[in-house]
Amino acid sequence: IAVNVREQVAPIAPTMWGVFFEDINLGADGGIYAEMVKNRSFEFPKPFMGWKVVRQQPIEGDMELVNRPDNVNNPRYLRLKVSSSEAGSFGLINEGFRGMGVKKDLRYDFSVLYRVISGNVVLHVGLRDSLGNVLGENKLILPASNDQWQKGSVSFESAKRELKAQFFVWATGSGVVDIDMVSLFPADTWKNRPGGLRADMVQLLADMKPGFLRFPGGCIVEGYDLSQRYQWKNTVGPVEDRPLLINRWNFEFAHRPTPDYFQTFGLGFFEYFQLAEDIGASPLPILNCGMACQFNTGELVPVENLDPYIQDALDLIEFANGEVSTTWGKVRARMGHPAPFNLRMMGVGNENWGPQYIERLKVFTQAIKAKYPEITLVNSGGTDPSGERFDYLNQTLREMKADVIDEHYYRRPEWFLSNARRYDSYPRNGSKVFAGEYAAQSDKMVSTDNQNNWLTAMSEAAFMTGLERNSAVVQMAAYAPLFAHADGWQWRPDLIWVNNLDIFGTTDYYVQQLFSTNRGNYTVPISMAGEVMAGGDSLYATAAIDSEHQELIIKIVNTGATPQQKTFRLNGLAKANSSGTVQLLSNPEVSVQNSFDQPKRISPQTATVAVRNRQLPYTIAPYAFAVIRVKL
Ligand code: AHR
């Protein structure tokens, strides 16, 4: 195998390997957004969904669900008419998203918006296990509030670990109080931010060192119909003012309807930008282009009525990058981030196809480029090489000189192996490609039987060598979907699985992580018997230079059942003898998976290698992906 370390082929964009985030599979609410209380504001269409009302006989008080027309974003609150002397006889129990994960000795922070109408009331709040044993609790004495809404808070620790705890609020005393935004967060959020994100989930993203963070989806951008599309302006500002929206994955789509799935937008656009910044990723928001999800209603906004949609896009750029004196820059600053978020790219539409998309895209592009020519626009493209729809679309987008075309592929592992040369023939000048969503499917697309196993991961790795080899064309790529909750998923396979307390990266995760943390700055040629390495001897390979660390990086995948004994000839290496490391993912059995019990069953194993006379002998194990780094 020949590698020429002196011949630069193409730069590898810093954005090359990134992360696709969507609130699917309880990714945000019930997932990375660490709020533990489901339906904290009683805004779900069924106002007590997630709650159990407790009123022991004889009735010790009364509850009224009130709707205030003056607060359109958060109309409902709960009025408690309290006449109770004993905690436990009058109040509410919340079940959490799929129970609540509670850690031993961790602090839990309760907060509530309240208004005392009359009398003296005490709230007793805490967590209990499935048998009703109290794990931790505290009291909040509600001082008179002159009829004004106030925020009250109190904390307590849990004495025990519990995967499926419940949260209780008992009211005692005599009086009338209104409550809203009944909330509970663990203290150990990412960067210990109050009301923040689940740290273990963010950590796995940070460990990938992703080049970009795409958000908020996915089909969620489009909505089942246009009224349910994602509107970023509803997701910024105080959390209590962010109106609830049904989650597009609440609906049945091929499998697993999830009727209690709503978006509170506690994870909103400010938090997405902040997350991107925290993990060193370039933010990539995707906006609705005036089209609802074509798998659902497919509603369209007439082209002449697109103005509000376009204004949302322009305002978003101002929100992210504008001076604090601008309207939207001021909103960002008030939320705690006066410095710009350095937004450089934006997507117009997700999986929108056909002439209707082109018509709308043209109007968006003209308006955005006129005001912000520096913003790179990502356009929605296709994948099916035999599908006319996609040929038409991709060709038209290229003729329109699209900056970046977003292609999605959820296909069988064989497709990934046979498409490792997919981009070899794409024109080098012109539109770039964003492999925006992909995942090898062990069964059919969106089948509930799909698994994240070593075969899916290895076939993605083989395909990704082709993406890297074609870094002149492909500038971004991301696996999708990202997160799934073991008890609340709608779609599989997924990159990272969680339950209420635990997390594991799939085999596919470690492939993504190895590519991203070994990106390199530019590709160099690698060939076997003069041929591109895209399946010969079951081997797939690419090579790059990390200029900062002055290292050659070879990524090689063996998809075959036999070991491949090879020698790399490292032409142009400054020193004849050198040393290096190998990070290896391999398993003789391709159906093997990581799991909560064996989270690292397949994860990188490190070894050293030696180069003598510019030659590196290396035997690539069967079913293996190796990243070899050699000092130049
Ligand atoms: O990743 C799951 C879904 O797949 C996305 O929401 C959508 O863009 C695609 O169809």
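## Domains

The C-alpha centres of domain 1 and domain 2 lie 56 Å apart. Domain 1 covers 51-186 and domain 2 covers 523-631 of the protein chain; such bounds come from an automatic or database domain assignment.

This is a predicted model, in which local features need pLDDT of at least 70, side-chain atom pairs count only at pLDDT 80 or more, and totals for chains, interfaces and linings use all residues. Residues are numbered from 1 along each chain as its sequence is written.

## Helix H3 and its partners

Helix H3 spans residues 307-321 and helix H4 residues 327-334; their axes come within 7 Å and cross at roughly 45°. Helices are DSSP runs (H or I, at least four residues) numbered from the N terminus, and axes are lines fitted to C-alpha atoms over the stretch in contact, with angles from 0 to 180 degrees between N-to-C directions. H3 and H4 are therefore oblique to each other (under 35 degrees counts as roughly parallel, over 145 as roughly antiparallel, 65 to 115 as roughly perpendicular and the rest as oblique). The crossing of H3 with H4 is right-handed, a term used if the near helix is turned clockwise from the far one by less than a right angle. From H3, Asp315, Glu318 and Phe319 meet Thr327, Trp328, Gly329, Val331 and Arg332 of H4; contact requires C-beta atoms, placed from the backbone, within 7 Å. The residues of this contact are 3 nonpolar, 2 polar and 3 charged. Here Ala, Val, Leu, Ile, Met, Phe, Trp, Tyr, Cys and Pro count as nonpolar, Asp, Glu, Lys and Arg as charged, and the others, Gly among them, as polar.

H3 also packs with helix H5 (residues 354-371), at an angle of about 35° and with the axes 10 Å apart. This crossing, too, is right-handed. Ile310, Ala313 and Leu314 in H3 meet Val363, Phe364, Ala367, Ile368 and Lys371 in H5. By class, the contact of H3 with H5 has 7 nonpolar, no polar and 1 charged residue.

## Helices H8 and H9

The axes of helix H8 (residues 454-469) and helix H9 (residues 507-517) are 8 Å apart, at an angle of about 25°. H8 and H9 are therefore roughly parallel to each other. H8 contributes Trp454, Thr456, Ala457, Glu460, Ala461 and Met464 to the contact, and H9 contributes Thr507, Asp508, Val511 and Phe515. These residues divide into 6 nonpolar, 2 polar and 2 charged.

Key
Helices (H or I, at least four residues) and strands (E, at least two) are DSSP runs, numbered from the N terminus. Two residues are in contact if their C-beta atoms, placed from the backbone, lie within 7 Å.
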